[in-house]
Amino acid sequence: MNTVRYPNAKTRAALLQRPAMEADTAHKTVADILAAVQQNGDAALRKYALQFDKVKQDRLTLTASEWKEAASQLPKDLKEAIRQAQQNIARFHRAQQRSEKKITTTPGVVCWRESRAIEKVGLYIPGGTAPLFSTVLMLATPAKIAGCQQVVMCTPPGKDGKIHPAILFAAQLCGVTAVYKTGGAQAIAAMAYGTQSVPKVDKIFGPGNRFVTLAKQMVQQQGVAIDMPAGPSEVLVVADETCVPAFVAADLLSQAEHGPDSQVLLVTWKEALLQKVREQVQQQLKALPRQAIASAALQHSKLILVKDKAEALQLINDYAPEHLIVAVKDKKYFTKHVANAGSVFIGNNTPESAGDYASGTNHTLPTNGYARMYSGVSLDSFTKKITFQKISRKGLMNLGPVIETMAAAEQLIAHKNAVSIRLKHLKRKP
């Protein structure tokens with residue numbers, strides 16, 4: 001990790017840059033994939049599975065035996081852990097169900113909103129170096145609570161052409177309606193356009209690598225909704241002398257092991273902490289199975305020394321981290337004033353891993369600074385709001401003249417007439 005001491009305002013923007021991506025090359029690659037899937041459907045999905053994943057696929061859908069065998073292939077303790085996590089996630093997201101009040105804006109004019117589920121949603125579950133069955137829980141659970149009629153899932157198979165049984169077990173537990181063996185940008189294309197096997201959906205959810213993220217952004221421009229631009233994972237830990245350096249190092253490494261393009265930051269105003277955390281990172285790194293991946297991520301990660309907590313807060317809000325861990329004495333200062341963060345973890349006993357798996361909050365969060373304007377996935381992500389209004393005779397008599405005046409001022413006379421004709425009719429009635 002790189003150590004940066006007392007950065008000034010002029011260098012802060014460069015300091016907080018994420019790892020650079022080869023945007024031009026990736027853009028052309030993804031554009032070609034999208035076009036091929038749109039034109040050739042399942043054939044393109046099979047072609048890219050062989051090209052990118054080295055997997056020859058005879059079929060993209062699951063067999064009945066694959067569905068049935070998933071639960072039997074998992075140890076009892078893992079199944080129980082998945083069930084407990086799903087219950088916590090469901091509990092947290094059910095609490096987001098709220099009925100809104102009907103509001104009388106003018107006597108006789110009543111307005112309100114109601115939620116309606118998005119009918120068809122697609123979930124992208126990364127595979128590759130780690131089977132992220134936890135993401136199935138995070139996306140499918142709120143989708144079912146919201147009442148989505150069709151919840152389809154795409155995930156890349158392993159080298160044996162099969163999907164990890166934990167992913168399938170989680171999908172069954174959460175009520176996923178169909179699972180397809182396809183990954184990468186081509187899976188996003190399949191859900192955006194539809195193929196012979198994969199149905200077209202209205203909104204696509206799920207994290208992924210830079211190709212998946214770019215594919216989501218590109219299909220959004222073509223009319224398919226997405227949850228957010230969720231790319232490589234990141235964490236920022238703000239800490240002082242009250243933290244446990246071993247805990248901080250563990251949290252940094254937990255995100256670094258996601259991928260070589262992940263980024264982790266420590267921000268502190270206690271210089272002695274820098275070396276303590278560095279030593280712990282080096283020690284713990286040696287024992288990690290994903291040591292090579294974490295080491296690559298650490299190459300563009302930083303230990304940052306600032307003057308005080310006020311400067312630390314400014315840096316946090318400028319960076320807008322996906323995950324923010326607050327390991328300081330004055331926790332309220334940061335929790336009260338943080339403006340930009342996907343999810344906040346407070347105190348030495350709150351590891352970021354809790355949110356990744358089982359505390360109940362959603363781990364699908366905005367990255368790459370998008371926490372400035374995006375929220376993480378929630379129940380609302382799977383619904384849309386419809387406004388309703390009902391105006392009585394008295395209400396139109398009260399509000400009508402206001403509408404007529406405004407419509408006339410905008411020179412939209414048909415708008416004015418839609419009110420005037422009603423008012424004349426009402427005035428004629430006894």
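Visitor: Which residues form one aromatic cluster with W269?
Guide: This is a predicted model, and the structure holds 6 aromatic pairs. The cluster that includes W269 is made up of W269 together with Y333 and F334.

Visitor: How many residues apart are W269 and F334, and in which elements do they lie?
Guide: W269 and F334 form a stacked aromatic pair, with 6.0 Å centre to centre and 15 degrees between the planes. The pair links distant parts of the chain: W269 is in the loop between strand 10 (263-268) and helix 11 (271-285), while F334 is in helix 14 (residues 331-337).

Visitor: Which charged residue sits over the ring of Y333?
Guide: Y333 belongs to the aromatic cluster with W269 and F334. A charged side-chain end sits over the ring of Y333, 4.8 Å from its centre, and it is that of K309.

Visitor: What is the angle between the planes of Y48 and F52?
Guide: Y48 and F52 both lie in helix 3 (residues 42-53), 4 residues apart, about one turn of the helix. Their rings form an aromatic pair at 5.5 Å centre to centre. Planes under 30 degrees apart count as stacked. This pair is stacked, and the angle is 5 degrees.

Visitor: Which residues of strand 11 are buried on each side?
Guide: In a regular strand the side chains alternate between the two faces of the sheet. Strand 11 (residues 302-305) is covered on both faces. The buried residues are K302 and I304 on one side, and on the other L303 and L305.

Visitor: In which sense do strand 1 and strand 11 pair?
Guide: Strand 1 (residues 2-5) is joined to strand 11 over 4 bridges. The sense of the pairing is parallel.

Visitor: What stands opposite T268 in strand 11?
Guide: Strand 10 and strand 11 run parallel and are joined by 4 bridges. The residue of strand 11 opposite T268 is L305.

Visitor: Why does E66 count as buried, and which backbone nitrogen does its side chain reach?
Guide: E66 lies in helix 4 (residues 64-69). Buried means under 20% relative accessible area, and E66 is buried because its value is 13%. Not counting residues up to four places away in sequence, E66 touches T61, K162, L168 and K181. At 2.9 Å, the side chain of E66 reaches the backbone nitrogen of T63.

Visitor: Which element gives the largest share of the largest nonpolar core?
Guide: This core has 40 residues, and those that touch the most other members are V121, L123, V136, C148, M153, V179 and F382. Elements giving two or more residues to this core include helix 5 (76-94), strand 4 (120-124) and strand 5 (150-155). The largest share is 9 residues, from helix 6.

Visitor: Which residues does L123 contact beyond its neighbours within four places in sequence?
Guide: L123 is one of the core residues that touch the most other members. Its contacts, with those neighbours left aside, are L139, A140, V151, V152, M153, C154, M191, F205 and F382.

Visitor: What percentage of the residues of the protein chain count as buried?
Guide: The protein chain has 17 helices and 14 strands. Its C-alpha atoms fill a box of roughly 90 × 60 × 45 Å along the principal axes. Of its 430 residues, the share that count as buried is 48%.

Note on methods:
Residues numbered from 1 in each chain as written. Predicted model: local features only at pLDDT ≥ 70, side-chain atom pairs only at ≥ 80, totals over all residues. Heavy atoms only, no water. Phe/Tyr/Trp six-rings, centres within 6.5 Å; stacked < 30°, edge-to-face > 60°. Lys NZ or Arg CZ within 6 Å of the ring centre and 35° of its normal. Buried < 20%, exposed > 50% of the residue type's maximum accessible area, 1.4 Å probe, protein only. Pairing = 2+ DSSP bridges. Polar contact = N/O pair within 3.5 Å; in protein donor to acceptor, adjacent residues only side chain to side chain. Contact = heavy atoms within 4.5 Å. Core = buried A, V, L, I, M, F, W, Y, C linked by side-chain atoms within 4.5 Å.
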